[in-house]
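Have a look at the fold first, then go through the notes by topic.

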Amino acid sequence: MKPLENTPRKERLVVVGNGMAGVACVEQILRHSPKFDITIFGNETYVNYNRIMLSGVLAGEKSIDDIILNGLDWYDQNHIDLRLGVRIIDVDAAAKTVTGDDGSVTPFDKLLLATGSQPLIPSIDDVKKDGVFVFRNLDDTRALLERARPGIKAVVIGGGLLGLEAARGLQVRGCDVTVVHLMDWLMERQLDSAGGGYLAAEMNRLGITVLLGLSTSAILGNGKVEGVQFKGGGTLPAELVVIAAGIRPNVDLGHKAGLEVKRGIVVNDYMETSNPSIFAVGECVQHNGICYGLIAPLLEQGKVLAATITGNKGPKYQGTVPAAKLKIMGVDVFSAGEINDKIDGSEVIRYEDPTLGVYKKLTLKDGKLAGAILMGDTADSHRYMEWLRSATDITKIRKQLLFPDAGEDGGLDVAQMADGDTVCGCMGVTKGTIITAIHEKGLCTMAQLKECTRASTGCGSCASLCQQLLKAVAPEFQEETKKVFCKCLPLAEDNLREILRSQKLRSVQEVLEIYGNGVGCEVCKPALSYMLDMLWCGGHQEDRSARFINDRVHANIQKDGTFSVVPRIRGGVTSPGELRRIADVAEKYKVPMVKITGSQRIDLLGVKKADLPKIWADLGMPSGQAYTKGVRMVKTCVGTEFCRYGVQDSTSAGIELERRLENLFTPHKVKMGAVGCPRNCAEATVKDIGLVGQEGSWQVVVGGAAGKKVRKADLLITVVTTEEALTAAQLFFQYYRENANYLERTYDFVERLGIEKVRKETVYAAEEVRNALLERLRKSKALARDAWLERDEPKHSTQFVQIEPLERITV
């Protein structure tokens, strides 16, 4: 073994910037197995996170943990000295040292500047007032979360991508949001006037006011924000202002290092600066006169820089076609290349369908594609992207530019993509990364792909492309196809639903005779019963024989053939009289076990089938529906009535929610919760529907789970009053009833559709749509009956005859 002193010293690589561009570049450097001692400085106190997903954190769709890209373990495993919360304030290029604001001086052999950008603050008077924010990092997001609350008037200055994402997040938090934009249309860097008009119309429909062509001159208020003033006159009241008017490269350290700096730190095709020991990457750099602010070019730059700095110089960065594929306010948007159709010699092809919200525009020049804008339908985006990159002559396919031939190979687009092309812009996942994961990990489903690579876990606009890659590469690809209802009734659920509605079919047997085998089975008959009940709001022809055994006898069958009885105790609140009746019934009928459930109910277990009607009569209490696919309960905490931490009356809210929804059938069981403060004692955030009380507001959350699968519920909306919270819960409840597949839990339903779509079609839908949902719910509720309180039981002579043994019981 050689003496330790003869071991050559590793080169010291200092990275200034712990953001996405800098860390992605370090990841590429590590793949070259370099001989570096790496130190990374980050002026924030967080590990590397996905800034693109900050809007998801603001909107309550993501937690901070969800957007972490590199945890502390990654830094440890790669022996990286991470210096969080230290801002580098000086670079001595001659001495090869950097100085931190903590007084530290760190030497380097090679320096990588990844300082990113900073918010551009327009010339506005009094921007230092309390209540004025920017939206650029996690600290900004936390500050907005603390200030945002229902009913507060929020003004977002800037109608670019960042401003619109801030507006969406604030609206979900219950704020009354207005977007003020200097230009004549939104997102003028990515969209033309028509596309911007489509987007503004959609935002207005969703309840966000858009004001265009206005320049903000001052922030009004004495010490804190009270409004904004515009040049030329006019004011707008505001309690919160977000400035999202753009970014500018953070080049201060470039100047101090004596580098060539224009708008950004100037780099060549190898990502070298004017000093051979200093490199730069990301939003702080300028390459061939262009500063890039999207993730794809920053990743491409990082790969080139990694090769250069590790002695593998060769690949060049030759610029990136400006492109963005996004989901904004629930609208899929793709923009690439030249969006200005006034360039000399250009021609434009357009397609518009205002009803469907689809807008397509292609700009052509010299027989080649120069630019593309797609809204509402972005399925062909990668085809256009490839034509832009390769400068393909499209003269011979003019007729198929907007609408490819139906027989065209859908996998051709992905096959033509380069491995380095970005598939998921939110997470920065390339085609090559996905293909490698498929081969190495044996991925064959979208769920596996999402978990392994994080692709399609952001806005979801790349889902179709990920599906195409799986289909083309995975040897055992499992396509998520529409499931046939049942072999007895070979139709997809959505098709069957439309048939029932259009042909006004109202009985299970009628449907089976016309479209099925005339008999049905234990799978399709209960599902059909539910579908008919939901479609006709309870006005169908009920066939008890088509229900599960539990629904036929209104109790939950146990493994020994006995049943459990769970009376409804709304909100978990009971009385001494009810408790006495339960105790008397348990003694009278010799019930083997009386158990307190985890849902704040009392369960009588081991009841004989023949005793069920008599027990209901003696109890004199409504059914808790613990046996059916329906509303189970609303679990509550004591709220403001007794708890010293309570800020909302969760008990009353929970009882009222249960009253409004009880006795209704659903695709699967529905469990709910209402808590009086964010301490969440009744676990509302892991319920199908939850009401979470806050100071002066309610959060309505949906799609939670705490069984085999644990899932934190998504934030649907934040509202001021209890009545608004109850209405939001009702809207989601009815929407789930009408659109979920039978036996699909709310958490799978919300994940399948995406919370943005759910919001758009419930709480942010047009007034007539919301009213229609509530009216159908009202009709269903009016016809709903409590089975235990019906006095014409049994329906037939053998309904409550005990059948032995258990194997003979049909379900």
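Two strands count as a pair if DSSP finds at least two bridges between them. With that in hand, take β36 (residues 689-694) and β37 (residues 697-702): they pair in the antiparallel sense over six bridges. Keep in mind that this is a predicted model.

**The mixed sheet**

- β36 and β37 belong to an open sheet of five strands, ordered β34-β35-β36-β37-β40, and the pairing in this sheet is mixed.
- The edges are taken by β34 (631-636) and β40 (714-719); each has a single partner strand, so one side of each is left without a neighbour in the sheet.
- From one strand to the next, the twist averages 15°.
- Which residue of β37 stands opposite Leu-691? That would be Val-700.
- Helix α21 (residues 650-661) lies across β34, β35 (670-675), β36 and β37, and runs at about 175° to β34.

**The parallel sheet**

- Another open sheet of five strands goes β9-β16-β10-β11-β12, and here the pairing is parallel.
- At its edges you'll find β9 (132-134) and β12 (209-212), each with a single partner strand, so one side of each has no neighbour in the sheet.
- The twist in this sheet averages 20° from one strand to the next.
- β11 (residues 176-181) and β12 run parallel and are joined by four bridges.
- Val-180 stands opposite Leu-211 in β12.
- Helix α4 (residues 138-147) packs on the sheet, where it touches β9 and β16 (240-243), and its direction makes about 145° with that of β9.
- Helix α5 (residues 161-172) lies across β10 (153-157), β11 and β16, running at about 170° to β11.

**A helix pair**

- Two packed helices are described by the angle between their axes and the distance between the axes.
- For α18 (residues 576-588) and α19 (residues 612-619), the axes come within 9 Å and cross at roughly 150°.
- The crossing of α18 and α19 is right-handed.
- On the α18 side, the contact is made by Arg-581, Ile-582, Val-585 and Lys-588, while α19 brings in Ile-615, Asp-618 and Leu-619.
- Sorted by class, this α18 and α19 contact has four nonpolar residues, three charged ones and no polar ones.

Technical notes:
Residues are numbered from 1 along each chain as its sequence is written. This is a predicted model: local features need pLDDT of at least 70, side-chain atom pairs count only at pLDDT 80 or more; totals for chains, interfaces and linings use all residues. Side-chain values use heavy atoms; hydrogens and water are left out. Axes are lines fitted to C-alpha atoms, for helices over the stretch in contact, and angles run from 0 to 180 degrees between N-to-C directions. Helices (H or I, at least four residues) and strands (E, at least two) are DSSP runs, numbered from the N terminus. A crossing is left-handed if the near helix is turned anticlockwise from the far one by less than a right angle, and right-handed if clockwise. Contact means heavy atoms within 4.5 Å. Ala, Val, Leu, Ile, Met, Phe, Trp, Tyr, Cys and Pro count as nonpolar, Asp, Glu, Lys and Arg as charged, and the others, Gly among them, as polar.
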